[in-house]
Amino acid sequence: MPKYTLESPAIQYLSQRDKRLAKVIRMLGPLEYQVAPNGYAFLVSQIIGQMLSNQVADVMTQRLEKVCQGPIQLEIINQLTDDEVRQIGIARSKVGYIRNLSAAINDHTLDLDQLSQLDDQAVIQQLTQIKGIGTWSAKMYLIFALDRLNVLPHEDVAFLQGYAWAYKTTDTRAAAVQKSVASGGPTAR
């Protein structure tokens, strides 16, 4: 499980580069997260969670895991009917998106094992070709399945709220966030 403390080289770099971010890092303390061991299950959970609260998404994902009798697996999802998946509360459109993902893997349009060999943009491009997986989901995959450290999820509402609070700004447009990060923090307004 990756753990980043105040002494970690990545944290040291960010703290030296951006004083406001350094303050937030000190407030939050060590950061731990678990890298998803199963890329397919991770993407299915991301599809399930679209436009839902984390709590509801977790319940739906747990229900699907129960149907799969363990981790979400492509082989089991392939055997389930759409109605069986929908019976646990997953919307028809999301069932379709899960089927799109499964089909891409089944027909070798998408090879999850090969994604780790690609750069971030190529991973995003590959994943977003699948209807139901957008840039946000692809970036979450980069962070939490491939453990990529240099990903800026400016599509993420929680990230933008934290950014606006930390930098005391209302300008959370992608271009403004990109510029801010590149310069070590937003310019004083």
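This is a short tour of the structure, one selection at a time.

**Before you start.** The model is predicted, so to speak of its local features a pLDDT of at least 70 is needed, side-chain atom pairs count only at pLDDT 80 or more, and totals for chains, interfaces and linings use all residues. Residues are numbered from 1 along each chain as its sequence is written, and side-chain values use heavy atoms, with hydrogens and water left out.

**Whole chain.** Show the protein as a cartoon: you will find 12 helices and two strands, where helices (H or I, at least four residues) and strands (E, at least two) are DSSP runs, numbered from the N terminus. In sequence order the pattern reads β-α-α-β-α-α-α-α-α-α-α-α-α-α. The C-alpha trace spans about 55 × 35 × 30 Å along its principal axes.

Switch to a surface next. The accessible area is about 11,500 Å², and carbon and sulfur atoms hold 53% of it; such areas come from the Shrake-Rupley method with a 1.4 Å probe, and for residues only the protein chains shown count as cover. Of the 189 residues, 40% are buried, meaning under 20% relative accessible area, with exposed over 50% and partly exposed in between (1.4 Å probe, protein chains only).

**Helix 9.** Select residues 120-128. The buried residues here are Val123, Ile124 and Leu127. Looking down the helix axis, they fall within an arc of 100°, so they line one face of helix 9; the arc is that of the directions from the helix axis to the C-beta atoms.

**Ala145.** Move on to the loop between helix 10 and helix 11 (157-167), where Ala145 sits. Ala145 is buried, at 14% relative accessible area. Beyond neighbours within four places in sequence, Ala145 is in contact with Val35, Ala36, Phe42 and Met140, contact meaning heavy atoms within 4.5 Å.

**Ser15.** Finish in helix 1 (residues 9-17), the place of Ser15. Ser15 is buried, with a relative accessible area of 17%. Not counting residues up to four places away in sequence, Ser15 touches Ala22 and Ile25.
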